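Thanks for coming. I have one structure to go through today, so please have a look at it before I start.

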Amino acid sequence: MAYYRPPGPPPDPALVRSLTQQQHEMRQRVRHEPLPQEPRLIAGCDSSFPTPDTILSVFVVLKFPSLELVEKVYNYGPVDMPYVPGFLSFREAPNVIHAFAKLQHKPDVIMVDGHGIAHPRRMGIAAHLGVLLDMPTFGVAKQKLTGIFQEPGIARGSITELLDAKSGELIGEVIRSKDKVLPLFVSPGHRCDQATATRLTLACLKGYKLPEPTRLADHWAEEFKKEVR
């Protein structure tokens, strides 16, 4: 996800408490489990902020395992919530759900550009969306948000664990998706487990750093921005 981080006064403490409580309640609903069957359709999801007050959310749907593009949709709208560090999902989710509703082909699993449980409160955007949609989701992020890890080997396919710094809990895996490029941070969201998230990420690589679902979502986000300018 391409986040817009505007400057401004510190967030309202009452708002932070409310959002923290909502994340805690949503976390209780998260389930990690293998997919019931191999997916036939996999979606990629990405959001960006063309202006400080607007958001563009994109879904692409691909056949799996061929990765043939089946459908692409977007929704463009206002951002209703102020920027609060650690709670970006609340800014994005309403618009993402509007975009998802436009899909004619419903995917079996959603790959989100962002984190799943690799989040300080285990509720990154992939987990957040998974709970709201009650859909299998996982996150593929370009930067670490929390946790510690050993750098994976420089070859494509090298993997290390992403661990909580205090508890040692496994919260994701760090994957070298292309030789000698910075790794990706992959974590389950909802109704998906780590093994599935890692396997699908690797299966969707076609020579680029990003797996095809989020790579194409990002590509089409740039194209769709031209329509809303």
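This is a predicted model: local features need pLDDT of at least 70, side-chain atom pairs count only at pLDDT 80 or more; totals for chains, interfaces and linings use all residues.

At the S3 end, S3 covers residues 69–78 and runs antiparallel to S2, residues 54–63, with nine bridges joining them. Within that pair, Leu 62 has Leu 69 of S3 as its bridge partner. Five residues lie between the strands of this hairpin, and Leu 67 takes a positive phi near 65° there.

Now go to the S6 end. S6 is residues 148–149, and two bridges join it to S7, residues 159–163, in an antiparallel arrangement. Phe 149 has Leu 162 in S7 as its bridge partner. From S7 we move to S8, residues 170–175, which is also antiparallel to S7, with five bridges. Leu 163 is opposite Leu 170 of S8. The hairpin of S7 and S8 has six residues between the strands, and in this hairpin Gly 168 has a positive phi near 80°.

S8 then pairs with S9 over three bridges, again in the antiparallel sense. Val 174 is bridged to Phe 185 in S9.

How do H2 and H3 cross? The axis of H2, residues 88–101, comes within 10 Å of the axis of H3, and the two cross at roughly 50°. At that angle H2 counts as oblique to H3. The crossing is right-handed. On the H2 side the contact is made by Ser 89, Phe 90, Glu 92, Ala 93, Val 96, Ile 97 and Phe 100, and on the H3 side by Ile 125, His 128, Leu 129, Leu 132 and Leu 133. By class, the residues of this contact are nine nonpolar, two polar and one charged.

As for H4, residues 194–203, its buried residues are Gln 194, Thr 196, Ala 197, Thr 198, Leu 200 and Thr 201. The cover over these buried residues of H4 includes S4, S5, S7, S8 and S9.

Finally, the two residues. Leu 129 sits in H3, which spans residues 125–133. Is Leu 129 buried or exposed? Its relative accessibility is 1%, so Leu 129 counts as buried. Setting aside neighbours within four places in sequence, the contacts of Leu 129 are Cys 45, Ala 93, Val 96, Ile 97, Val 112 and Asp 134. Leu 129 and Glu 92 are 37 residues apart in sequence, with their C-alpha atoms 9.4 Å apart in space.

Gly 189 counts as buried because its relative accessibility is 0%. With neighbours within four places in sequence left aside, Gly 189 is in contact with Val 30, His 32, Gly 116, Ile 117, Ala 126, Ala 127, Thr 137 and Phe 138. For Gly 189 and Ser 66, the separation is 123 residues in sequence and 24 Å in space, C-alpha to C-alpha.

That is the end of my part.

Notes. Residues are numbered from 1 along each chain as its sequence is written. Side-chain values use heavy atoms; hydrogens and water are left out. Buried means under 20% relative accessible area, exposed over 50%, partly exposed in between (1.4 Å probe, protein chains only). Contact means heavy atoms within 4.5 Å. Helices (H or I, at least four residues) and strands (E, at least two) are DSSP runs, numbered from the N terminus. Two strands pair if DSSP finds at least two bridges between them. Axes are lines fitted to C-alpha atoms, for helices over the stretch in contact, and angles run from 0 to 180 degrees between N-to-C directions. Angles under 35 degrees count as roughly parallel, over 145 as roughly antiparallel, 65 to 115 as roughly perpendicular and the rest as oblique. A crossing is left-handed if the near helix is turned anticlockwise from the far one by less than a right angle, and right-handed if clockwise. Ala, Val, Leu, Ile, Met, Phe, Trp, Tyr, Cys and Pro count as nonpolar, Asp, Glu, Lys and Arg as charged, and the others, Gly among them, as polar.
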